[in-house]
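Got your viewer open and a selection tool at hand? Here is the structure for our walk.

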Amino acid sequence: MTQIAVLTPDPSDPSYAGQWPGVLERLQAALVLEGIAVQPLAWTDHIEDGSRLAAFPLVLPLIVWGYHRDHARWTRACATWEAAGVRMLNPPSVLTWNSDKSYLGRLGERGVTIPPTLWVEGVTQADVDAAFDRFGVETVVVKPRVSGGAWQTLRLSRGELMQGAPEGPSMIQPYLPSIETEGETSLLIFGGQLSHVVNKRPVNGDFRIQVQFGGQYVALPEPPEGAWDLAQQTLAAIDEDLLYARIDMARRPDGGWLLMEAELIEPDFYLGSAPEGGRRFAAAVKARL
């Protein structure tokens, strides 16, 4: 049986202690059916030295949850792994740029439809007030450029004072009412092939679709019309050697799609909703071995 490594959270960070072991178990259950064993390793144990990771035929950074709160060490670790020649998928170079949501602006320049976005180095109340008029809306969303799981993300109405502003480089976008009515749709892509589709909706009155905030996830039999087109356009614009991708999108007011995220680092694959419990992901991993 071939053994690969899967990177896991910092052991000193308790934030996801109740969640990530279950995700690891689902990954292990899928991979073992293809003759692949998993060695879990904390990513924070390999920041300065990538030699142990380089000994594995493949390393998957699939559960590095919490890296966004330790971004400086994260980017240093990615540089270490690349210099050590670690065979990591997705590649360390991708893990670096995908950790900063400014990549959405670059994809927008390549023709991918993203929400209108105001990029700021340090968000102020004046920035938020200006965004309402710039976008012509009554509600905006403010979030850090380096974030995950709706961390430090705010929904603000016109005239509302911002409290608990994100620190550092941030982004301001119009709030999409479709998040409440239709939710966010994720396309899971392994080895360039569509595996499955999941719709995620917040609880009434909230805008955060993550399960820790009560978000409800439902598997869809196929992508809604136009969703796969946006996913393919996004992957073509990225043009990187990717083992996996989760393309998150939401409806714009005219009924089309907007790219919300291209999750290429540590996305939850929702394998509980995947055909055959994730065999398509395991087959994509096996093909790379």
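We will visit the nonpolar cores and then some backbone details of this predicted model.

**Stop one: the largest core.** Select Leu60, Leu62, Phe269, Phe281 and Val285; within the largest nonpolar core, which has 29 residues, these are the ones with the most contacts. Now colour strand S1 (2-8), helix H1 (20-32), strand S2 (36-42), strand S8 (184-190) and helix H9 (279-288), the elements that each contribute two or more residues to this core. H1 supplies its largest share, five residues.

**Stop two: Phe269.** Centre on Phe269 and show its contacts. Leaving aside residues up to four places away in sequence, Phe269 touches Leu27, Leu62, Leu188, Phe190, His196, Tyr244 and Phe281.

**Stop three: a cis peptide.** Move to the loop between helix H3 (71-83) and helix H4 (92-97), where you will find Asn90. The peptide bond leading from Leu89 to Asn90 is cis, and its omega is near 5°.

**Stop four: positive phi.** Most residues other than glycine have a negative phi. Select Asp239, in the loop between helix H8 (227-238) and strand S11 (244-251); its phi is positive, near 50°. Then try Tyr270, in the loop between strand S12 (257-263) and H9, with a positive phi near 50°.

Tyr270 has 9% relative accessibility, so Tyr270 counts as buried.

Key. Residues numbered from 1 in each chain as written. Predicted model: local features only at pLDDT ≥ 70, side-chain atom pairs only at ≥ 80, totals over all residues. Heavy atoms only, no water. Core = buried A, V, L, I, M, F, W, Y, C linked by side-chain atoms within 4.5 Å. Buried < 20%, exposed > 50% of the residue type's maximum accessible area, 1.4 Å probe, protein only. Helix = DSSP H or I, 4+ residues; strand = E, 2+ residues; numbered from the N terminus. Contact = heavy atoms within 4.5 Å.
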